[in-house]
Structures are given as structure tokens and as C-alpha cells.
Amino acid sequence: MAASATAPARPRRKKSKLGWNLLGLLVFVTAGFPAYWMLNTALKPAKDAIDPNPHFFPRTFTLENFRRALDIGDFWGSIGRSLIVSLVVVVIGIAVGLLAALAISRFAFRGRKIVIVGILAVQMIPLVAMIIPVFLLLNDLGQYDKLTGLILTYLTFILPFTVWTLRGFIVNVPKELEEAAMVDGCSRTGAFLRVVFPLLAPGMVATSVYGFIQAWNEYLYALMLMSQNHQTATVWLSSFTTQHGTEFAPMMAGSTLMAVPIVALFLLVQRKMAAGLTAGAVKG
């Protein structure tokens with residue numbers, strides 16, 4: 001009886017596993033195809049990029065589009081400005097966000113729930129709705145068309161995201177670990193630095209990567225608040241669209257070049273990032 005009961009369960013498990021594998025493959029293809037088509041178009045001759053009957057694989061390969069992309073506008077200057085803005089935003093966001101998340105997670109104070117609701121409410125406001133107020137404020141402060149003004153603007157939507165994400169990681173670290181360290185003679189600060197902080201490292205890496213991606217890919221504020229002489233990499237991509245049309249192949253080559261820093265960053269921290277994502281998914 002036992003053998004007959006367990007026998008049908010194995011085929012069901014295999015079918016269930018096969019179904020999940022097929023679903024995972026479908027998600028991978030759906031998410032990865034745009035990146036493949038971008039690279040595919042970047043390696044095609046310009047005339048093939050606008051062919052009404054596109055080919056899944058390029059018939060001929062060329063690097064001319066990358067040379068053309070590097071010749072349009074101030075590519076290296078735009079990349080450098082984007083790197084500066086993104087890195088500064090991530091460093092400030094993690095430093096301030098960690099302290100704020102720690103206060104919200106570990107200390108009971110008046111108005112704590114209001115702060116949490118406020119953080120969520122800020123993330124619900126569309127960025128386009130704040131363009132005019134942000135422009136007027138930066139203009140009054142003398143920060144229009146300056147990287148510092150763009151950094152302050154990015155912090156308004158990346159910092160709430162950082163605080164909320166880090167709060168989830170801190171909540172998952174049991175308070176008993178800090179209390180045990182304090183019983184052993186550590187101060188509250190020492191217990192945090194020696195016990196809690198190492199456990200938060202994967203979560204901080206994952207949060208930093210997502211914050212970097214948000215700042216790196218932001219287009220609207222960079223377009224409205226920066227002049228052409230101080231444009232970032234995302235705005236630089238608009239240089240391929242002129243009154244004569246859009247150069248799709250060089251644009252895809254430029255997009256591929258822009259993706260290199262993100263891919264390199266992900267490859268460097270992929271283990272920590274994966275650990276951070278799984279750590280934030282389990283309570284206690």
C-alpha cells in the first residue's frame with residue numbers, strides 16, 4: 001500500500017518541477033530578449049537595423065556603430081558625470097538610510113508610524129509631478145545645472161527606497177543577538193558594529209546595487225535640470241535622434257556601452273546580492 005501511494009507522487013513532482021522550469025525559462029527569455037536585441041542591433045550594419053524584415057541573428061557583424069557612438073557628443077564626459085552622481089547618491093543614501101532604518105526598526109519614539117507611512121507615501125508620488133517644484137527650489141538655491149543639485153534631487157526618491165529596504169533587513173536580525181553582545185560587555189554601538197552590521201552587509205550590497213541602477217538610468221530630471229554641457233549618459237543617448245531621423249544602430253551601441261558599468265557592478269557583487277535578497281525574504 002505504501003509503495004502504491006508514493007508511486008503516483010513522483011510523476012506529479014516531476015511534472016511540477018518541469019512546469020516551474022518552463023516558467024523560469026519563459027521569464028528568462030522575456031526579460032533577456034530586449035538585451036539580446038539591443039546587442040544584436042548594435043552589431044548590425046546601420047542599413048540592416050532599419051530593415052523591415054529583421055533577422056534574429058545578424059548576417060554580418062560590424063563595430064562601426066560603436067565608433068559612431070563614441071564620436072557623437074561628449075560620451076566620456078557624460079559617463080563620468082553619471083558615475084559621479086550615481087556613486088555619491090548611493091554612498092549618501094546608504095549612510096543616511098542605514099541610520100534612519102536602524103532608528104525606525106530598533107527604537108520606539110513618538111511619531112514612528114507616521115514616519116513609516118511618510119516614507120511609503122513619498123515613494124507613491126510620481127516623479128513627473130515634482131519637476132516644477134524641484135526646478136524652482138534648485139533655481140532659488142543656485143543649484144540648477146549643477147551635479148550637486150542633481151544629487152540632492154535623486155536623494156529625494158532613492159533615500160526613501162533605501163530606508164524602507166534596509167528596514168526590512170534590520171527587522172530580520174533578532175534583537176537577542178544585540179542583547180547577548182551587550183551582556184558580554186559590548187556597548188550598543190559595539191554590538192551593532194560587531195554583530196548586526198556584518199549580517200546586514202549582503203542587504204546593504206543589494207540595496208546599493210538597486211539604488212545605483214535607479215540613479216544611473218534616471219532620465220527625466222537629468223534632462224530638465226542639466227544643460228547640454230553637463231548632461232548625463234541617459235540624456236546623451238538622445239543625441240542619436242535628430243531632425244533627420246534616429247540612428248538606431250549607433251543608439252543601440254551607445255546603450256550597450258552604457259550597460260557595461262551596470263553589468264560589471266553586478267558581476268562583482270552577485271554573491272553578496274543573492275545572499276541579501278534571500279536574507280530579506282525570511283523572517284528571523
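Which residues in H9 meet which residues in H10? A few friendly notes on that contact and on some others follow.

1. First, the ground rules. This is a predicted model, in which local features need pLDDT of at least 70 and side-chain atom pairs count only at pLDDT 80 or more, while totals for chains, interfaces and linings use all residues. Residues are numbered from 1 along each chain as its sequence is written, and side-chain values use heavy atoms, with hydrogens and water left out.

2. To the opening question: Leu177, Glu178, Ala181 and Met182 in H9 meet Arg188, Ala191, Val195, Val196 and Leu199 in H10, where contact means heavy atoms within 4.5 Å. By class, the contact of H9 with H10 has seven nonpolar, no polar and two charged residues. Here Ala, Val, Leu, Ile, Met, Phe, Trp, Tyr, Cys and Pro count as nonpolar, Asp, Glu, Lys and Arg as charged, and the others, Gly among them, as polar.

3. As for geometry, helix H9 (residues 175–183) packs against helix H10 (residues 188–217) at an angle of about 135 degrees, and their axes are 9 Å apart. That makes H9 oblique to H10. Axes are lines fitted to C-alpha atoms, for helices over the stretch in contact, with angles from 0 to 180 degrees between N-to-C directions; under 35 degrees counts as roughly parallel, over 145 as roughly antiparallel, 65 to 115 as roughly perpendicular and the rest as oblique. Helices (H or I, at least four residues) are DSSP runs, numbered from the N terminus.

4. H5 and H8 pack at an angle of about 40 degrees, with axes 6 Å apart. That makes H5 oblique to H8. The contact of H5 with H8 has 23 nonpolar, four polar and three charged residues.

5. In the largest nonpolar core, of 34 residues, Leu98, Leu166, Leu200 and Phe240 touch the most other members. Such a core is a set of buried Ala, Val, Leu, Ile, Met, Phe, Trp, Tyr and Cys residues joined through side-chain atoms within 4.5 Å. H5 gives this core its largest share, eight residues. Leu200 touches Leu98, Phe169, Ile170, Val173 and Phe192, not counting residues up to four places away in sequence. Another core, of 17 residues, lies apart from it, with Ile151, Tyr154, Tyr221 and Val235 among its members.

6. Lastly, do look at Gln231, in the loop between helix H11 (220–225) and H12. Gln231 counts as buried at 8% relative accessibility (buried means under 20% relative accessible area, with a 1.4 Å probe and protein chains only). Leaving aside neighbours within four places in sequence, Gln231 is in contact with Ser78, Arg81, Trp236 and Ser239.

How values were computed
Helices (H or I, at least four residues) and strands (E, at least two) are DSSP runs, numbered from the N terminus. Buried means under 20% relative accessible area, exposed over 50%, partly exposed in between (1.4 Å probe, protein chains only).
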